[in-house]
Amino acid sequence: MTAAAIPRPHLGAARSFRPVWLLAAAGFLVGSMLVGVLVGPANLGVLDVIRSLLAHAGVPGVHSGLSQTDETILWQIRAPRVVLGGLVGATLATAGASYQGVFRNPLADPYLLGVAAGAGLGATIAVAYAPSRELLPPAAFAGGAVAVTVTYLLGSAAGRERSGATLVLAGVTVVSFFTAVQTFVQQQHADTLQQVYSWILGSLPSSGWSDVVLLLPWVGVSLAALLLHRRLLDVLSLGEEEAATLGVDVGRVRLVVVVAATVGTAGAVAVSGLIGFVGIVVPHAIRLVVGGSYRLVLPLSVVVGAGFLVLADVVARTVLSPAEVPIGVITAFCGAPFFAVVLRTSRKGFR
Amino acid sequence: MIDLEGVSVTLDGRRVVESVSLAAAAGEWVTLVGANGAGKSTLLRAVAGLVPAEGSIRVGGDEVARLRRRELARRIAVVPQSPAVPRSMSVGEYVLLGRSPFVSYMGSEGRDDLTAAQAALERLDLADFAGRDLTSLSGGERQRAILARALAQEARVLLLDEPTTALDAGRQQQVLELVDELRVEQGLTVLSAMHDLTLAGQYAQRVVLMAHGRVAAQGEAEAVLTVEAIAEHYGAAVRILEGAVVPVRR
């Protein structure tokens, strides 16, 4: 029998379902983005918008039916905001799933581990002391990295098993401390108070494409690195020792994944402020549907996370229209009850 | 295949294993026995390269401490005492994890890996279970799944730490028979730690009795597992009936 005659073995239902789920998720994302560009104070016709999108995508023979003003609204205000929301949502969801994987803790997320608080402090210092917005992401990253390191050290000092409780408690401690320092810096610089405060609540700026350009490298590197580790996160789900007996350098994987997730989170936090719960809600919803393998959970987190945040932003823009609700309020409003459910079910054992 | 010379392990400042020397030839099954805390598990972990050890531990002629993780994982497969059971992972995906030592750092499994995992599933009669959730398996099936994972690893050495403690008498026997078949069929070298002295004697070619981190006796089961030795090292009153270690009421 030649090698070609051996039927390709199929190992488990999850593998064979993969294309279906990815297609469904992609459909969700496209739908969300369409809703995102359609909803707003100015009424742009659905067909006109689709024609304009197709024309910009370079489909021959299609011409935008929108007026010059509507074109500007679509391409300079709504589209960048939708893209930015997508990038931020993809990053927060994927980073959350990755943190849950390396810490083997269903409640790990950029916010609970203090990454966001640290990034917040870094960004606040940058707003208060540095003139240039380009310094925001690096400052946020530095803060986030310091915070997650402290959380991890505290959590592992408290117990040899980096179990749920110790890590989350360490995170709470770190969050309180960093938030206190941040409030102090903020009060010292009352002139930036308004800017910092609205940023803390989390909102997507309508600043055209500049934020997208600022964020793209951070998110690109982070997501690529995390997706490349999806198989290793599955190995890590066996625990440190078993992963080691399978030839995996657990320390290195954990370091790379935490750095990559922190880079992405810091970038997202720098442009959009503190948008909570995305990193918990999205990965867990995905796990409920497709199972726990990171080979599926990570790519789906990218796509579904993006769609979720775009939709949340639509709600944030419309619910008190013409005023805007901070998007962090929306995600917390759906996320907190969901979090409670995760907390209840995760007692049955994440491992 | 496995050669230990003067191996000592210190954990948290305490000497847990003290100058142990033993060897297991290729295709041989050697079982460590001894009371709780005698150092059996720690010795196995040292052989697997999971805890630093003094002395010399060689597998296939090379020092374990000098081998890289991946190389070591290609030589030694470990069945831990209580394997992790990841939530919502299929049996097929689980067995495929055994191919990790052959997959590049950020790569994914190739055709060979899928074929090896499939062969391991079939060898352990788990082919029909490939799509099932690991958590839905019974204790005995789960033990077969982890053996399949170890088999997919294609290592020449199998380390088993109390492989059957959680199983009933029938399942214990099935699992041990299976390990023995694999040992004969694939020429595996097996080093195990076991509590059940009767089973230890029935399956191992050589039994190593450990006490307080040291080797108290080693050799064939009849020579090592004597009424006197068991009284001394386990504090148990037993009779030996046709190779079976039977507790007696005092």
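A: Helix α4 (residues 68–103) and helix α13 (residues 278–290), both of chain A, pack at an angle of about 75 degrees, with axes 7 Å apart. Axes are lines fitted to C-alpha atoms, for helices over the stretch in contact, and angles run from 0 to 180 degrees between N-to-C directions. Helices (H or I, at least four residues) and strands (E, at least two) are DSSP runs, numbered from the N terminus. This is a predicted model: local features need pLDDT of at least 70, side-chain atom pairs count only at pLDDT 80 or more, and totals for chains, interfaces and linings use all residues. Residues are numbered from 1 along each chain as its sequence is written, with chains lettered from A and ligands numbered from 1 in the order written.

Q: So what do we call the arrangement of α4(A) and α13(A)?
A: Roughly perpendicular, a label for 65 to 115 degrees.

Q: Which residues of α13(A) make the contact?
A: A:Val278, A:Gly279, A:Ile280, A:Val282 and A:Pro283. Contact means C-beta atoms, placed from the backbone, within 7 Å. From α4(A), the residues include A:Gly89 and A:Leu92.

Q: Switching to chain B. What's the strand order in the sheet?
A: β2-β1-β4-β5, an open antiparallel sheet. Strands pair if DSSP finds at least two bridges between them. β2 (14–24) and β5 (62–63) of chain B are at the edges with a single partner each, so one side of each has no neighbour in the sheet.

Q: How many bridges join β1 to β4 in chain B?
A: 5. B:Asp3 sits opposite B:Arg58 there.

Q: And how many residues does each chain give to the contact between them?
A: Chain B gives 33 and chain A gives 29.

Note on methods. Contact = placed C-beta atoms within 7 Å. Parallel < 35°, antiparallel > 145°, perpendicular 65-115°, else oblique.
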